Amino acid sequence: MNNDSITVFKGDTSRLKNVIPIQERVEPNFYQQEVARIFKKAWLIVGSAEDLIEIGAYKVVDVPPLKASLVVVRSDDGKIRVFHNVCRHRGDKLVHDEHGCKKSFTCRFHAWTYSNSGTLTGVTDSTQFLGLDKDKMGLVEVHSEVWENIVFVNFDKNPRQTLKEWLGPIYDQYAGFSANRIKIADHRVVLNTNWNLAVNAFCEGYHNLYIHKNTVPDYQGGKTNPKRHRAYLEVGEHFARYSAHGNPNHKATPAEGLLYKHSKPMFPAFTHFNMEDLPPGVNPSRFAQWAFDIMHVVPNFVIGPQANTHSIMFFWPIDHNKTDVRVMRFGFKSDRPSDRIAQAHSITRGREVLREDLATMETNYQGVASGGIPYLFLSEQEQLIQNHYRAADDLLRDAGSQ
Ligand code: FES
Ligand SMILES: [Fe+2]
């Protein structure tokens, strides 16, 4: 480690590489391997459960790498279930609305009906079907689990690990981190880039001083940490995370000063608050000048816990050169107008920062795909990216040896 770094490192870094041959990784053939060996085997986020409170509430989620449409629904028994959005009769798409609340779903084609628990409850002209056993013709369920209000699925017929085993030590470290939050922003954009490069852009703070110099010029680092080295970096089997250093000398803008007087400070403010209220996974080293964390969950999911807010980001590959980027922000529940205004300010500023991040992705892909460089050359501050490729290679190899 360099002497000028403030970073505390944790985890097994012995298998990380700072040189990543990259050209073959953005080729169509490599992408097919990733789909078969990573996306068909891993636990994958399909969204937040915060908008599935009522019984019957559902949303339709596309999973592009698997060319799948799913229905995520809170069934009559209160459990969240995930089904292939495919009618068991002849396979038409069952639910066409993006979201809603229903006791049952009826197929538009020949009007077969299913309960929100997936049971086939109605077959039109049923005496015409030889050997019909409705009990065997429910919607096909996908393995799913909910972790801290986040819904995960696994497309493997027999997942080799439960979600708890997949997440390992972080599973129990985030209890309640998203409690009393509501979704305040939902961004989606499809970019001509490779999904690995898109994930990578959110897994380091090295770019912060440069790409974000106009939007958040002095929010991190400060005199004691001018290069904005991360306060904490940890790598694990299916996760990696860092903590960022807030700048104690940041000068609030007039708008921020006004808003934070009448509301809870949110991004881009990084305020001091009671660390004891944080679950152990958030700011794990209890760094006093903590600004926010970034945690990458393998393969394509990033969580960003922060004071009074957090974000979740996931990156669906549509093809080797096309990625569907989803970013959702969550804020504290409140009906006070001052809080709503503060949240709107935070959303707007966050969106500007996000645009700067997204603006790198297509040119980054073009450069790599052109063969202009043979490999990525990564610093210690980019260890989350190193871990991303280590984990991807492990999954590619393990699935291949089955
Ligand atoms: S395909 Fe749905 S009822 Fe025929
Ligand atoms: Fe950024």
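1. Let me start with strand 3 and strand 12 (residues 150–154), which pair in the antiparallel sense over four bridges. Please keep in mind throughout that this is a predicted model. A handy place to look at the pairing is Gly47, whose bridge partner in strand 12 is Val151. Strand 3 is also mostly covered, since five of its five residues are buried; here, a residue is buried if 20 or more other C-beta atoms lie within 10 Å of its own.

2. The pair belongs to an open sheet of three strands, ordered 3-12-11 and paired in the antiparallel sense. Strand 3 (44–48) and strand 11 (143–147) each have a single partner strand and stand at the edges, so one side of each has no neighbour in the sheet. On average, and with direction ignored, neighbouring strands of this sheet are turned by 30 degrees against each other.

3. Four strands make it up, in the order 6-5-4-7, with antiparallel pairing. Its edges are strand 6 (80–84) and strand 7 (99–101); each has a single partner strand, so one side of each is left without a neighbour in the sheet. From one strand to the next, the twist averages 25 degrees. Strand 4 (residues 57–63) and strand 7 run antiparallel and are joined by three bridges.

4. Now for the overall division. The protein chain splits into domain 1 (8–41 + 172–400) and domain 2 (44–158). Taken over C-alpha atoms, the centres of domain 1 and domain 2 are separated by 31 Å. Where the two meet, 18 residues of domain 1 are in contact with 14 residues of domain 2. On the side of domain 1 that touches domain 2, the elements giving two or more residues are helix 1 (28–39), strand 13 (181–191), strand 18 (309–319) and strand 19 (322–332). Strand 18 gives the most to that side, with five residues. By class, the side of domain 1 that touches domain 2 has twelve nonpolar residues, one polar residue and five charged residues.

5. Which residues touch the most other members of the largest nonpolar core? They are Val46, Leu70, Val72, Ala198 and Val302, in a core of 90 residues. Strand 16 (residues 290–297) gives the most to this core, with six residues. Both domain 1 and domain 2 give residues to this core, so it lies between them. As general background, nonpolar side chains tend to be buried together in soluble globular proteins.

6. Not counting residues up to four places away in sequence, Val72 touches Val46, Gly47, Leu52, Tyr58, Lys59, Val61, Ile80, Val82 and Val151.

7. Towards the end of the chain, Ala399 lies in helix 8 (residues 383–400). Leaving aside neighbours within four places in sequence, Ala399 is in contact with Arg37 and Lys41. Ala399 and Lys41 are 358 residues apart along the chain, yet 7.9 Å separates their C-alpha atoms. Is Ala399 buried or partly exposed? With 17 other C-beta atoms within 10 Å, Ala399 is partly exposed.

8. Lys227 sits in the loop between helix 4 (208–211) and strand 14 (232–235) and counts as partly exposed, because it has 14 C-beta neighbours inside 10 Å. Lys227 and Arg188 are 39 residues apart in sequence, and 31 Å apart in space from C-alpha to C-alpha.

9. Finally, some backbone details to check by eye. Val298 and Pro299 are joined by a cis peptide bond, with omega about 5 degrees; Pro299 is in the loop between strand 16 and strand 17 (301–306). Asp125 is a residue other than glycine with a positive phi, near 50 degrees. Asp125 lies in the loop between strand 10 (120–122) and strand 11, and counts as exposed because it has 8 C-beta neighbours inside 10 Å. Arg286, also not a glycine, has a positive phi of about 55 degrees. The loop between helix 5 (254–262) and strand 16 holds Arg286, which counts as partly exposed with 14 C-beta neighbours inside 10 Å.

Definitions and conventions: Residues numbered from 1 in each chain as written. Chains lettered and ligands numbered in written order. Predicted model: local features only at pLDDT ≥ 70, side-chain atom pairs only at ≥ 80, totals over all residues. Pairing = 2+ DSSP bridges. Axes fitted to C-alpha atoms, helices over the stretch in contact; angles between N-to-C directions. Domains from an automatic or database assignment. Contact = placed C-beta atoms within 7 Å. Nonpolar A, V, L, I, M, F, W, Y, C, P; charged D, E, K, R; others polar. Core = buried A, V, L, I, M, F, W, Y, C linked by C-beta atoms within 7 Å. Buried ≥ 20, exposed ≤ 12 C-beta atoms within 10 Å, placed from the backbone.
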